[in-house]
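Visitor: Please take me through one part of this structure closely. Then set that part in its surroundings.

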Amino acid sequence: MPAAFLLIVLLVVGALPAAAVAPASEPSAEHQVLIGVLSHRGDARSRRTWQSTADYLTAQIPGYRFDIAPLDFAAVEPAVAAGNVDFVLVNPAIYVMLEVKHGVSRIATLRNGTNGHARNLFGGVIFTRADRDDINRLEDLAHKRFMAVDPTSLGGFEMANAELRKHGLDPNKDFKQLLFGGIHDMVVLAVRDGEVDAGTVRTDVLEHMANAGTIDLAELKVLGARETPGFPPLHSTPLYPEWPFSKLPGTPTDLAQAVAVALLQMPANSAAAQAGEYSGWTVPLDYQPVDQLLRELRRPPYDQEAPFTLADALTKYWLAVLIGTLALVTMALLTSRVMQLNQRLSRANTRLERRHQLILDSVAEGIYGVDLKGCATFVNKAMERMTGWRAEELIGNETHEIMHHTRADGEPHPREDCPVYTTFRDDHSRFVEDDVFWRRNGSSFPVEYSATPIRDEQGQTIGTVVVFRDITERREAAERFRRQEAEQAHFTRLSTLGEMASGIAHELNQPLTAITTNARACVRMIAAGRADTNTCREVMTKIAEQAERAGEVIRHIRRFVRKEEPEMAPVAVADMFETVLVLMREDARRAGVALHRQIGFGADRVMAQRTQIEQVLLNLLRNAVEAMVDQPRERRVLLLARRSGELVEIRVVDTGPGLGTGSPEHLFEPFVTTKPQGLGVGLSISHGIVEAHGGRLRVDSTPGIGATFFFTLPHVDKGHEATLDAASLQSLDNASTTGEQA
Amino acid sequence: MSQDPTVFIVDDDDEVREAIALLMDSVGLAAETFDSAWAFLNCFDADRPGCLVLDVRMRHMSGLELQERLSEEPLHPPIIIITGHGDVPMAVRAVKNGAVDFIEKPFNDQALLDAVHRALEVDAEQRGHALEVAQIQDRVERLTKREREVLEQILAGKRNKVIAADLGISQSTVEAHRAKVMEKLEARSLSELMRMMLLLYPDRTKGTPEG
């Protein structure tokens, strides 16, 4: 864009002088030849200097009238581009530009100067006042006020520019002020008069002015002075060829040859030379150094690739550059900010993930997730530890097939039944208390786990997360506890039985007494010859019955003290009643208490841990009997079973004094007792047993009438167990009452 | 009075009761069974000789209670207590209260039979003693008032002369009365008379029974 902009400026600026040139050449009749001359000192001065040369050529070359067309710096190129002139006489810099861009070619090089000073090379001289002791080298010029002739002047600026740059000074930046005097003399005077600290002009200017008496060379000193053999004038820069006389591409070659010949033949003392203050022309020199200089300074035509240095751009388009730079800076800032945020976000994300992982890894429970295909998406350390599977072995693979393939009983566990997979299918959380996972080494361990659906941001289920726990130890502890409880229950039964030993012994004594007595009597009758077969048979039968009766008692005792059938099982209520009645019979008899039982319709079978319930019944029965010992009223205890929905209610009803005024709820706490010798654990134990059966032991009491303890047990259908014993048959008729007369 | 003795069996356990009855039967003893103390008391007849085989532990009325009730009677069959396991203290109490024997269940048949025989002897003894006393009593009641006074004096160990002086009658009259008393009481000697009187009044060594 800057290039296009520059072009437009050049075109617009260039149009005016071109238009001004055309009318000037109008009056000429024959072949008018226009020589475009750089009017760096003003048009009038140009004409004065060069008109004689034009006239010389007009005189030398018949049929052509040569005229001068003064062109300022800006007008040169447009005039050449438009072909408005036939020859151009410009400084070497402009020539190089025109040669490159417009194909002009030099035909002669000026020998500048007069008398003994004529030469076809020139350079720049950089100088300051002689009395400036602080400025002795080019480098000392930094931060000084500096004056040159014109930014486009080759000897008056550009050569010094290039030289200063070689010494590390950028004239555009490193001066305190860079001024342009426009005219060489002005520069010299400004320096001499101290208006600026230093300045530059082309070679010979100082000598000219000294010769003219305008200045005294002693007042000035040259900086970076060079010595060039055969070139006496003061100079600070390399030397470059003088102005070339060149033809445009469209200029006829024979005319150009004629001009060249005429110029080369021009005597040094000719009017033209004198007017132009030069000494004639030489064959064209090599302008390569100029070319090189232009390249270094990036002057046209070498401004195309990088028409502006950054400094140029800044000075010329500072606003656009500023805005653009600001925009760029803003964008850069924003971008860096965005990148920064992005980075921070990604760091936060990483941190979050790491924290997630840390949390996952620090919990004792195994945790893993599966996707909708059932493949593991993540696993934690605890899971690796518990299963022996490493994360990389699990992730991406179906966890069910790896560690959930077989049930605890060895049956295959089909994946369709897997609760983990079912969770993401039915989208419901679930808790599984009893399952097994398989370790890498082929062993299994019992687990409980929760499976929860994982949902994405849209609430779509995308898998399941499973949190599981190895419950081996808990299982073992529960088993130990259960064994201890069984031991405890067994111990309690033994001690109960111990307390009842005398009564139970009596219960065995009775049949034993009957047996021995009968047997002995029989023997005596036989001995006395008084025994007939019938009597003997009768007696033997009685003996057998009594032995069976004793056996029955022993059977009840042994079952009662047996070390537990731990499982709940269907059991006939009549059997349990029978056992406790057998065990209690003698104690009741001693206390003068009548025991009764009654089993209602449909209440004959319950689900129970038999001995434990018998323990409860025994406890309640003993309490009832003991409560009535000193009572003058009728003493009766009724064991009652009756159906209540899906339950069977067992009642122990007595006709004792009732419970008194104490609060019944404390009765079931341990060590609460109303009996002088009681430990107070009977009811507490009974309460615990009933609760373990899912019921509650409760009590109804009416003082002076009696107390009823009751609880419920789950009912079991008769079909549950095929055996129908006599007791349950007996209870088939509704509410049959069997008085148990001990 | 001349009846055969009966073994009365009181036990609330049918089988034990019947077995004991059978044992008695096997040695030719008559036995009667009762399933409770009340049942026995209802049929109680003091005149029937025999003995009582009694279970200590029974509902309603225990063997000890029955024993107490019977002790209020002037004459009752001797009691053999049978006990179950752990009832020894009760049995001891029963013996102190006059029971003849106690036997623990399950018992040896011979031990029970021995106890029964011993009890029957005691009963017979009791009953023989009671008969003699009744005869003496009858004879004493045949005496006149004066004769009783004389008897009284004799039992007090007084001589005839002293008795005559005390009663204000002649010595010969005393002798006549004395001969009458000896005759009526069928005593052949003074020592026999003294034995009779001791039977009748076991509590006193001296003095006259006053009707």
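Guide: pLDDT is the predictor's confidence in each residue, from 0 to 100. This is a predicted model, where local features need pLDDT of at least 70, side-chain atom pairs count only at pLDDT 80 or more, and totals for chains, interfaces and linings use all residues. Residues are numbered from 1 along each chain as its sequence is written, while chains are lettered from A and ligands numbered from 1 in the order in which they are written.

Residues 206-211 of chain B stay under 50 in pLDDT. The model still has nine contacts beyond four places in sequence for residues 206-211 of chain B (contact: C-beta atoms, placed from the backbone, within 7 Å). Where pLDDT is low, the predicted coordinates should not be read in detail. Chain B has a mean pLDDT of 84, with 93% of its residues at 70 or more. For the complex, the predictor gives an ipTM of 0.72 and a pTM of 0.47.

Now the close look. S450(A) sits in strand β17 of chain A, residues 444-455 (strands are DSSP runs of E, at least two residues; helices are runs of H or I, at least four; both are numbered from the N terminus). S450(A) has 17 C-beta neighbours inside 10 Å, so S450(A) counts as partly exposed (20 or more would be buried, 12 or fewer exposed). Beyond four places in sequence, S450(A) touches S429(A), F431(A) and V467(A). R430(A) is 20 residues away in sequence, yet its C-alpha lies 5.7 Å from that of S450(A).

Next, the sheet. Strand β17 belongs to an open, antiparallel sheet of five strands in chain A, ordered β15-β14-β18-β17-β16 (strands pair if DSSP finds at least two bridges between them). The edges are β15 (376-379) and β16 (430-438) of chain A; each has a single partner strand, so one side of each lacks a neighbour in the sheet. Neighbouring strands are turned by 30° against each other on average, direction ignored. Strand β14 of chain A, residues 366-371, runs antiparallel to β15(A), joined by three bridges. G369(A) has F378(A) as its bridge partner in β15(A).

Last, the partner chain. In chain B, 19 residues are in contact with 23 residues of chain A. Helix α1 of chain B, residues 14-26, gives the most to the chain B side, with seven residues.

Technical notes: Two residues are in contact if their C-beta atoms, placed from the backbone, lie within 7 Å. Axes are lines fitted to C-alpha atoms, for helices over the stretch in contact, and angles run from 0 to 180 degrees between N-to-C directions.
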